[in-house]
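I am opening my notebook on a structure I have not looked at before. I will write down what I look up, entry by entry.

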Amino acid sequence: MTAAHYIDGRWVAGEGVDCITVFDPALGQPFAELTAASAAQVDQAIAAARQALLGWRNLSGSQRAAYLNGFAEQIETRREALIALQMQNNGKPRHEAVVDIDDAVATFRYYAGLAEGLDARQDRDVPLAVPGFNAHTRLEPVGVVGLIVPWNFPLVTSAWKLAPALAAGCTVVLKPSEVTPLIEQAYGHIADALGLPAGVLNIVGGKAEVGAALSNHAGLDKLSFTGSNAVGSQVMRSSAAHCRPLTLELGGKSAIVVFDDCDLDQAVEWIVAGICWNAGQMCSATSRLLVQDSIADALMLRLKSAFETLRVGNPLNGEVDMGPLTSQAQWSKVSEYFAIARSEGLHCVTGGDVQRDPGWFVNPTLYADVPVTSRLWTEEIFGPVLCTRRFSTEQEALAVANDSRFGLVATVISADLVRAERVAQALEVGHVWINSIQAVFVETSWGGTKGSGIGRELGPSGLAAYQSVKHITRCLG
C-alpha cells in the first residue's frame, strides 16, 4: 500500500477501511492497490484548504496564473506516462488518451490567461441612476471547494474544475473516482514540483464513503460534482442542507439528427464518433439517432458496416478504434441492457453482445426502429449502444429529440445550414454541434438543461462558477 493521498502539501497513506483495487480493463486484471482515505483525513484536507485560503486568495491574478501555467508545463513533461496510464486504467486507445492530455493542458493555459486579467477587472464602477452614490464591483473567490470527478475522463474533468477554481483564488479538496484513482495523483506531484503553497490543493481518494464525507462536510463553501444522476441527487441534498452553491454535470441521452441532404459517408463518421468514442462512456454520447425516412435504409447499411469494421481490442497491443469498458460494473450494466433489448423484442442490426476474453469488451451495437417507450431509448446506457428512429419532418424530429428528461448536447447533420441553425436553436440542450464531431473547446461553456445538471463549466462561465460577486456602495454626501 502506498501514500496515495495529498493533504496539506504532504503525501500520506490512507487510513480508511476500504481497499481500492485498480484494474486494467483490457485484461480484467488488477495492477495496483491503495487504501482509501478516512473521514478524519477528509476533515484534515478541508482544514488545510481553509488554512491556506487567505494566503492564496490574496495573491494577484498574475501570481496564480504563473502556477496554472506551471501545471500545464508539468503535464506536458509527464505526457507519455499519463497517456500510458489512461490507456492502461481506462482502456482508451492511444489517440483518445492523447486528446485527454492535450485537453488538460489547454484548460490550465486558458484559465491562466483569465487569471492574468482578474486584477484589471476588479473594482469596476457601476453606473447608478440615483445621484449621490458610488458603487463598484469586486469578484472574489467563493472559498474552499470540493471537487468530485468521474472515471470516464479522469485528469480532464478534474482540470475543468481545478484550473478555474485555482484561478479564482479558491482552495480545493479533490476526490478522484475509485475506478481511476491514480492519474489525478499527478496533480499532487506537480504541486510539489511547483512549490504550490501547502493546503491549496488536497487529494483524497476513496469510495462512496469518502464522497459522502466530502459532500456532507460543513466546511465547504461550494461543491462541484460530475457523475451519475443517482449520486448527483444525493450530492444536491447534501448541499441543500448547508444552503451551499453547487455545480452538477450529470447524465445525458443525446440525439443526433440526420437530414436527407447530408453526405452519407461523412454522416456515418460523425455518428460513429458520437457513440463509440471512449467506448460510449460519455455523458455526451449521441445515443439516439434520428434519421430522415428517405435515407434511413442506406444509412443503416453503412452504419452496420462501420460498426462491424471497428477495431476493438487492447490499446496496449496496437492501434485500435475502441477499447474495453473501464470497469466490470459498467460491463455488467451494458450486458443487462442487451438482455432488456431482447426482452423488449428490439431489432438488433449488429452487436448486442459482450466479450470476456479476457477483458471487459462490448461489441458496438446498433438497434433499428426503437420505440420511444423502450428503456434503451430513454435511459443512459453509457456504452457503445446506438438506438435509431426514423422521422419525416423537421417538426417531428424536434419533438422526438426534445422528448427526454435529459438535455446535455445534440448534433445536427444537414447541408442546409439555415435549417441546421434553426434546429440547433430549437433543441433543448446546452451544446449543439452542426456537421461536426464532438469538438469541445475550453473557450466555450459545458453543461446542460433539464436533468443533465446545474451550472456551466469551461469558458468564462467556468471561472464565474468559483467567484462570488460583491458590490460596494458608498454615499457621497
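**Entry: Ser 254**

I started with Ser 254, which sits in the loop between strand E11 (246-249) and strand E12 (255-258). The model I am reading is predicted. Is Ser 254 buried or exposed? I found a relative accessible area of 2% for Ser 254, and under 20% counts as buried, so Ser 254 is buried. Then I listed its contacts, leaving aside neighbours within four places in sequence. Ser 254 meets Cys 283, Ser 284, Ala 285, Thr 286, Ser 287 and Arg 288, and also Leu 408 and Val 409.

**Entry: Ala 410**

Next I went to Ala 410, in strand E20 (residues 409-413). Ala 410 is buried, with a relative accessible area of 2%. Which residues does Ala 410 touch, not counting those up to four places away in sequence? I noted Ala 255, Leu 427, Val 429, His 431, Val 432 and Trp 433. I also checked Ala 410 against Gly 251: they are 159 residues apart in sequence, and their C-alpha atoms are 13 Å apart in space.

**Entry: the whole protein**

I stepped back to the overall picture. I counted 16 helices and 24 strands in the secondary structure. The radius of gyration is 23 Å, close to the 23 Å that the globule rule gives for 477 residues, so the protein is as compact as a globular protein of that length. The C-alpha trace spans about 75 × 65 × 40 Å along its principal axes. Of the 477 residues, 56% count as buried. I looked at contacts between residues at least 6 apart in sequence, and 71% of them join residues at least 24 apart.

**Entry: nonpolar cores**

In soluble globular proteins, nonpolar side chains tend to be buried together. How many residues are in the largest nonpolar core? I read 124. Those with the most contacts inside this core are Phe 108, Tyr 187, Val 258, Ile 271, Leu 299, Leu 303 and Leu 376. I followed up Leu 376.

**Entry: helix H8**

Which residues of helix H8 (residues 208-215) are buried? I wrote down Val 210, Gly 211, Ala 213, Leu 214 and Ser 215. Their cover includes helix H1 (39-57), helix H9 (229-241) and strands E7 (144-148), E8 (171-175) and E10 (222-226).

**Entry: the second largest pocket**

I looked up the second largest pocket, which holds about 220 Å³ of space. Its lining has 16 residues, and Arg 57, Arg 64, Gln 122, Arg 138 and Leu 139 lie nearest its centre. Helix H2 (61-77), helix H5 (118-121) and strand E6 (133-141) each give two or more residues to the lining. E6 gives the most, with four. By class I noted six charged, five polar and five nonpolar residues.

**Entry: positive phi**

Most residues other than glycine have a negative phi. I noted two with a positive value. Phe 382 has a phi near 65 degrees, and Phe 382 lies in the loop between helix H13 (375-378) and strand E18 (385-391). Phe 382 counts as buried, at 15% relative accessibility. Lys 450 has a phi of about 55 degrees and belongs to strand E22 (residues 449-450). Lys 450 is partly exposed, at 38%.

Methods
Residues are numbered from 1 along each chain as its sequence is written. This is a predicted model: local features need pLDDT of at least 70, side-chain atom pairs count only at pLDDT 80 or more; totals for chains, interfaces and linings use all residues. Side-chain values use heavy atoms; hydrogens and water are left out. On a 1 Å grid over the protein atoms alone, a cavity is a set of points where a 1.4 Å probe fits but cannot get out, and a pocket is an open set with protein on both sides within 12 Å along at least five of seven lines; lining residues have an atom within 4 Å of a point. Grid points are joined across faces, edges and corners, and a volume is the space filled by probe spheres set on the points. Ala, Val, Leu, Ile, Met, Phe, Trp, Tyr, Cys and Pro count as nonpolar, Asp, Glu, Lys and Arg as charged, and the others, Gly among them, as polar. A nonpolar core is a set of buried Ala, Val, Leu, Ile, Met, Phe, Trp, Tyr and Cys residues joined through side-chain atoms within 4.5 Å. Buried means under 20% relative accessible area, exposed over 50%, partly exposed in between (1.4 Å probe, protein chains only). The radius of gyration is taken over C-alpha atoms; the globule rule is 2.2 Å times the number of residues to the power 0.38. Contact means heavy atoms within 4.5 Å.
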